[in-house]
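Trainee: Could you help me learn to read a protein structure, one feature at a time?
Mentor: Gladly! Let's open it up and look together.

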Amino acid sequence: MKPRFHALKGVEDILPPDTYLWRDIERKAMQAFGPCGFEEIKIPIIEHTELFLRSIGETTDIVEKEMYTFTDKGGRSVTLRPEGTAPVVRAYVEHNLATRPSPQKFFYRGPMFRYERPQKGRQRQFYQIGVEAFGVAEPGIDAEVIAMLIDFLEKAGLSSSLSLELNSIGCDVCRPDYKAKLREYFGGRLSELCPDCARRFEQNPLRILDCKVERCAALKQDAPLITDSLCEACRTHFDELKNLLGNLGIDYKLNPRMVRGLDYYTRTTFEVTTNLLGAQNAVAAGGRYDKLVEEFGGPPTPAIGFAAGTERLAALLQSTLKAPSPSLFIATLGAEASREALKMAVSLRRKGIWTEIGYGGASLKSQLRKADRTGAVYVFIIGEDELRERKAKWKNLKDGSSGEVRLEDAEGFIQNAGQRLA
Ligand code: HAM
């Protein structure tokens, strides 16, 4: 018995025709990001574990429970990236990108890894399309980045069914005060919290607000709101952002309980959610992280970004999938006709025309069945008689029309047909 291998749990193959949808989503992202000056950056899939501990935060679910961490053969602790922001910030600092004209704006796409419980819309290997913009403290860039995300989602074909949630989670100045208020509020309810939250209470009570356990979710309903504790500078920033979004005609819902699952955020946080995906309702999310570049040893540099989950976008866009199919399928009878078909196919493919050949020594009938299954628009039939007369029979499988074409005119016929179809 040979072993039959399966992909790991929560790790999925993306097969054609879905890959067309994925490619389309990425293309739409680039169309939206390009005019805003975001350039592609390719970051490694694997990093020093410490990078994620120091940025995402040691008390987060991601770091405590979900990272694919192992010791490499050199004895280093390494981790498959659970997200892209920390690696981009590392690259920004490592390559002194702060010396380039500001703002520096990047986008990236690729797989991320989190050991979560797989369910609909939640995988252990999932793809993100993300952006990060460095060097602007003003709320204008927050509005720009959010507007760009909305444009991307609209270009991709999603606008209804989505909602933008917005919050500000303060800064180093106002957050200690807010944490104190949270400790005061949850302090009397410690025994009611889940074990994780009870443990995180001292170190980072904000995490309690992000807990999905039912009893914590119920408790936090009456917890103090961060937006009531913002310092003057954070409040002004937030108010201006709301004004700017209003000016741009971008609808949003304030969600003062949204703290996000990563510790690096300061001030603005946002999520785009849908009611069409069940529990995993966040399609994209992001925020400001004004301290992270400094935390990684770079100069003080404000920054903001977001990431969208490609699987979730693809699930929402499934019904729009339009996969291409061959323009031509050449069915042949006899070795000589096969050789002629190969010559023709190679020449047409060089011109960019998707051409398939009916291999397998099969009967004409089975070749035509196969042509139909590939979704080909035209079939050429070349048998011994056709070869002798230097012609091919053609059939349009979409409208049923048929005829004959001389072999020397066949390529032109298909090229013109392609133009007629376009
Ligand atoms: P995040 O909220 O952890 O943020 O992830 C962003 C998006 O990735 C989510 O809204 C969701 O669409 C998708 N996603 C996350 N986990 C999974 C999963 N297990 N399966 C499928 N999709 C998933 C970040 O990662 C931040 N780095 C975003 C950011 C960029 N903030 C600033 N810049």
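Mentor: We will go through some features of this predicted model.

Trainee: Next, helices. Which residues of helix 7 are buried?

Mentor: Here is the general idea to keep in mind. An α-helix has 3.6 residues a turn, so residues three or four places apart point the same way. Now look at helix 7, residues 195–203, where Cys 197, Arg 200 and Phe 201 are buried. These residues lie on the same side of helix 7, because they cover an arc of only 130° around the axis. Pro 195, Glu 202 and Gln 203 are exposed on the other side of helix 7.

Trainee: What do the buried residues of helix 7 pack against?

Mentor: Their partners are helix 3 (61–66), helix 6 (175–187) and helix 8 (214–219).

Trainee: How do I read salt bridges, and how many are there?

Mentor: Side chains of opposite charge can pair when their charged atoms come close. The cut-off used here is a side-chain nitrogen of Lys or Arg within 4 Å of a carboxyl oxygen of Asp or Glu. By this rule there are 33 salt bridges. One of them joins the side chains of Asp 196 and Arg 199, at 2.6 Å from N to O. Both residues belong to helix 7 and sit three residues apart, about one turn of the helix. Arg 199 counts as partly exposed, because its relative accessibility is 45%.

Trainee: What about nonpolar residues on the surface? Which ones form a patch?

Mentor: Find Ile 45, Ile 46 and Phe 70, which together have about 240 Å² of accessible area. Phe 70 is part of strand 3, residues 68–71. With a relative accessible area of 39%, Phe 70 is partly exposed.

Trainee: And the backbone? Which peptide bonds are worth a look?

Mentor: Most residues other than glycine have a negative phi, and most peptide bonds are trans. Now for some cases that go the other way. The bond joining Pro 16 and Pro 17 is cis, with omega about 10°, and Pro 17 lies in the segment before helix 1 (18–33). Another cis bond runs from Ser 102 to Pro 103, with omega near 0°. Pro 103 sits in the loop between helix 4 (85–94) and strand 5 (104–113).

Trainee: Where is Asn 96?

Mentor: Asn 96 is in the loop between helix 4 and strand 5. Its phi is positive, about 50°, although Asn 96 is not a glycine. Arg 390 also has a positive phi, near 50°, and is found in the loop between helix 14 (384–388) and strand 15 (391–396).

Notes:
Residues numbered from 1 in each chain as written. Predicted model: local features only at pLDDT ≥ 70, side-chain atom pairs only at ≥ 80, totals over all residues. Heavy atoms only, no water. Patch = residues over 30% accessible without salt bridge, like charges linked within 9 Å, V, L, I, M, F, W, Y side chains within 5 Å. Areas by Shrake-Rupley, 256 points an atom, 1.4 Å probe, with all protein chains shown as cover. Helix = DSSP H or I, 4+ residues; strand = E, 2+ residues; numbered from the N terminus. Buried < 20%, exposed > 50% of the residue type's maximum accessible area, 1.4 Å probe, protein only. Arc of directions from axis to C-beta. Contact = heavy atoms within 4.5 Å.
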